[in-house]
Amino acid sequence: MTALLEMEAVHAGYGQTSVLHGVSLSVPEGGVVSLLGANGAGKTTTLRAITGGVRWTGDIRFGGRSLRRMSTEDIVRAGIAHVPEGRGILTELTVDENLKLGSHLRRDTKEVRKDYDRVFDYFPVLKERRALSASTLSGGEQQMLALARAFLMKPKLMLLDEPSLGLAPIIVRSIFEIIRSINQSSRVTVLLVEQNARIALDLSTRAYVLEVGRVAVEGDSEELQGNESVRRSYLGY
Amino acid sequence: MQAFLQQVISGIAIGGVFASLALALVLIYNAMGLVNFAQGEMAMLATFAAYALINRGMSYWIALPVTLVLAFGGGIVIQRVVIRPAEKAPILALVIITLGLATLLNGLAGFIFGYVPRSFPSAFSAQTVDLLGVFISYRDLGVIGVSGLVLLAVYLLLQRTTVGLTLRAAAHHPEASRLLGVQVSWMLALGWGLASAVGAVSGIMVAPILLLEPNMMQSIIIYAFAAAVLGGIESPLGAVLGGLIVGVTVNLAGAYLPFVGGDLQLAVGLAIIIVVLIIRPNGLFGRAAARRV
């Protein structure tokens with residue numbers, strides 16, 4: 001499989017504080033890759049570097065093309081949907097308007113309509129609440145909205161920042177089932193940041209564990225799950 | 001009763017003028033949390049542009065849309081050239097920039113056109129029509145009609161079009177909007193262009209009443225501030241209703257309170273600002289400023 005996204009020795013940080021100290025990783029086209037690690041390890045900063053939300057050095061390539069000096073808007077338009085920490089819901093707008101912002105750049109009207117049907121199939125609750133303000137949604141529903149909106153962008157790559165955060169286990173399970181389905185039936189590549197290592201490794205084929213801004217462990221998800229010492233020291237279960 | 005209703009109607013007409021300028025203020029406040037003190041002078045300069053076009057023989061109804069397009073472009077240029085370089089500066093620096101811009105535009109208009117007040121044509125006659133015993137001038141009806149149309153157009157643009165949706169998104173959540181591919185910086189420029197065009201309408205509507213000169217908008221901007229604050233500085237609908245309320249209030253106060261007369265009307269506008277800020281700082285339609293800690 002060819003790599004859709006490659007990071008090579010990426011250093012990044014905020015002002016004087018550097019957070020990433022040479023992160024290299026590769027996300028194969030069509031795959032699901034987990035990015036694990038403790039709080040403050042640099043998971044969110046890695047995603048922010050990819051979509052240009054933080055200054056970085058080294059190289060990041062998407063589909064073979066360097067993202068250096070590209071604006072966030074252009075990176076997104078090139079096919080990367082980033083569901084950020086806190087989900088990025090526009091709470092002043094309605095559910096429907098949030099979804100429209102996902103599809104607003106697409107010109108394939110027929111396909112868009114089909115994708116809306118898919119989305120409402122995945123998340124019937126969003127259809128019921130279309131006209132309501134997004135601020136009235138519960139945490140789980142906001143996560144569904146963020147995921148639905150990202151799907152409507154028809155991305156090649158989805159960056160998901162802790163989709164399980166703050167949600168009840170049963171909702172987490174159903175959301176991860178839908179991520180799996182989006183990956184498998186729509187061929188969307190996924191880079192998944194998670195604290196919940198167990199559920200992330202179940203979904204992904206490959207995983208990286210970050211520790212203080214460096215890749216500490218990498219390997220096939222199954223391999224990492226089976227490795228007792230990795231599990232104990234890095235994954236905490 | 002008829003005299004009272006006549007005062008109310010002309011209050012609504014002048015209120016439409018305040019509403020347009022207040023809406024312009026709200027558009028920019030929403031986009032960047034900035035009160036644009038140059039909004040009135042931008043409208044004044046646009047009105048001079050209309051004056052120049054009409055003086056060169058262009059008909060009023062062609063000069064009006066042409067001026068709005070010019071004002072729209074001018075607003076974009078101002079945002080790109082003057083505001084954008086200071087985008088990351090503290091908000092106070094931006095406020096000072098708009099104050100400087102106001103002085104600059106005022107001086108520019110004086111330099112080009114001089115300070116002698118000029119009469120500005122109105123598309124509507126000053127004659128009155130008898131509506132069930134209430135005499136209303138065509139001019140008032142025209143101002144109400146044109147302001148109403150402009151406000152409706154802005155509403156439809158913001159609420160019913162994709163551009164309007166991305167404009168609102170960029171204004172409320174610039175970071176999240178960037179991640180959805182919205183070109184936030186251009187949306188800000190578009191907001192300035194839109195505000196400039198909407199503000200220009202207020203200048204063109206009020207010029208036949210006040211006579212056109214570089215300081216023409218300096219009282220109107222006070223009323224517009226009152227309208228925007230009354231409506232809750234973030235709410236476009238609030239700005240429009242605030243404009244109408246301020247217009248009617250000021251007009252009635254001038255007509256029925258002998259000590260106000262024509263001289264103290266501006267003081268009524270200022271009093272509205274102060275009273276609203278003391279009693280209900282978020283205005284009629286503003287949301288309480290809440291911050292998650």
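Visitor: How much of chain B counts as buried?
Guide: In this predicted model, 47% of the 293 residues of chain B count as buried.

Visitor: And which helices and strands is the chain built from, in what order?
Guide: Chain B has eleven helices and two strands, and from the N terminus on its elements run α-α-α-α-β-β-α-α-α-α-α-α-α.

Visitor: OK, why call chain B as compact as a globular protein of its length?
Guide: The radius of gyration of chain B is 19 Å, which is close to the 19 Å that the globule rule gives for 293 residues, so the chain is as compact as a globular protein of that length.

Visitor: What box would I need for the C-alpha atoms?
Guide: Taken along the principal axes, the C-alpha atoms of chain B fill a box of roughly 60 × 50 × 35 Å.

Visitor: What share of the contacts is between residues 24 or more positions apart?
Guide: If one takes the contacts in chain B with a separation of 6 or more, residues 24 or more positions apart account for 72% of them.

Visitor: Switching to the other chain: how many residues of B are in contact with A?
Guide: On the chain B side there are 14 residues, in contact with 17 residues of chain A.

Visitor: Which helix gives the largest share of that side of B?
Guide: That is H6(B), which supplies six residues of the side that touches chain A; helix H6 (162-172) and helix H7 (174-178) of chain B each supply at least two.

Visitor: And how do those residues divide, nonpolar, polar or charged?
Guide: The side of chain B that touches chain A divides into six nonpolar, six polar and two charged residues.

Terms used:
Residues numbered from 1 in each chain as written. Chains lettered and ligands numbered in written order. Predicted model: local features only at pLDDT ≥ 70, side-chain atom pairs only at ≥ 80, totals over all residues. Helix = DSSP H or I, 4+ residues; strand = E, 2+ residues; numbered from the N terminus. Rg over C-alpha atoms; globule rule 2.2 N^0.38 Å. Buried ≥ 20, exposed ≤ 12 C-beta atoms within 10 Å, placed from the backbone. Contact = placed C-beta atoms within 7 Å. Nonpolar A, V, L, I, M, F, W, Y, C, P; charged D, E, K, R; others polar.
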